[in-house]
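This report goes through the fold of one protein chain, from the overall dimensions to single residues. Please keep the sequence and the structure at hand while reading.

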Amino acid sequence: MDSYKSLKELSFKQKMQLQNLYKKEASGEAISQEEQDLLDALRDEWQQASRQSSALKPIIILLLIAAAIRVFYPG
């Protein structure tokens, strides 16, 4: 298997292409061996980043609510 860049080193466009590949794979569409190798190489890193992103969403929402309350109800 070829050496692939780390997920952090990919450009935004490359990350979007990777996401589209995951969707394509999940829907059962045929993908090339090269695309499959790329998915396999980055799968663990992608899943870990996805879990971290999901864990931060509630915190971000609470911070936004707190900021809105602070703006509209200064006290």
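Of the 75 residues in the protein chain, 11% are buried. The model is a predicted one. The protein chain contains 2 helices and 0 strands.

The overall dimensions come next. The radius of gyration of the protein chain is 18 Å, whereas a compact globule of 75 residues would have one near 11 Å. Along the principal axes, the C-alpha atoms of the protein chain fill a box of roughly 60 × 25 × 20 Å. Among contacts with a separation of 6 or more, 48% are between residues 24 or more positions apart.

**Helix packing**

How close do the axes of α1 and α2 come, and at what angle do they cross? The two axes come within 11 Å and cross at roughly 105 degrees. This angle lies in the range of 65 to 115 degrees that counts as roughly perpendicular, so α1 is roughly perpendicular to α2. In general, a pair of packed helices is described by the distance between the axes and the angle between them.

| Helix | Residues in the contact between α1 and α2 |
|---|---|
| α1 | Lys 15, Leu 18, Gln 19, Leu 21, Tyr 22, Lys 24, Glu 25 |
| α2 | Glu 35, Gln 36, Leu 38, Leu 39, Leu 42, Arg 43, Trp 46 |

By class, the contact of α1 with α2 has 7 nonpolar, 5 charged and 2 polar residues.

**Nonpolar core**

Which residues form the largest nonpolar core? This core has 8 residues, namely Leu 7, Leu 10, Leu 18, Leu 21, Tyr 22, Ile 31, Leu 39 and Leu 42. At least two residues of the core come from each of α1 (12-26) and α2. The most is given by α1, with 3 residues.

Leu 21 belongs to this core and is also part of the contact between α1 and α2. Apart from its neighbours within four places in sequence, Leu 21 is in contact with Ile 31, Glu 35, Leu 38 and Leu 39.

**Ala 67 in helix α2**

Helix α2 covers residues 33-72, and Ala 67 is found in it. Is Ala 67 buried, partly exposed or exposed? Its relative accessible area is 40%. Buried means under 20% and exposed means over 50%, so Ala 67 is partly exposed. Ala 41 is 26 residues from Ala 67 along the chain, and the C-alpha atoms of these two residues are separated by 40 Å.

Technical notes
Residues are numbered from 1 along each chain as its sequence is written. This is a predicted model: local features need pLDDT of at least 70, side-chain atom pairs count only at pLDDT 80 or more; totals for chains, interfaces and linings use all residues. Side-chain values use heavy atoms; hydrogens and water are left out. Helices (H or I, at least four residues) and strands (E, at least two) are DSSP runs, numbered from the N terminus. Buried means under 20% relative accessible area, exposed over 50%, partly exposed in between (1.4 Å probe, protein chains only). A nonpolar core is a set of buried Ala, Val, Leu, Ile, Met, Phe, Trp, Tyr and Cys residues joined through side-chain atoms within 4.5 Å. Contact means heavy atoms within 4.5 Å. Axes are lines fitted to C-alpha atoms, for helices over the stretch in contact, and angles run from 0 to 180 degrees between N-to-C directions. Angles under 35 degrees count as roughly parallel, over 145 as roughly antiparallel, 65 to 115 as roughly perpendicular and the rest as oblique. Ala, Val, Leu, Ile, Met, Phe, Trp, Tyr, Cys and Pro count as nonpolar, Asp, Glu, Lys and Arg as charged, and the others, Gly among them, as polar. The radius of gyration is taken over C-alpha atoms; the globule rule is 2.2 Å times the number of residues to the power 0.38.
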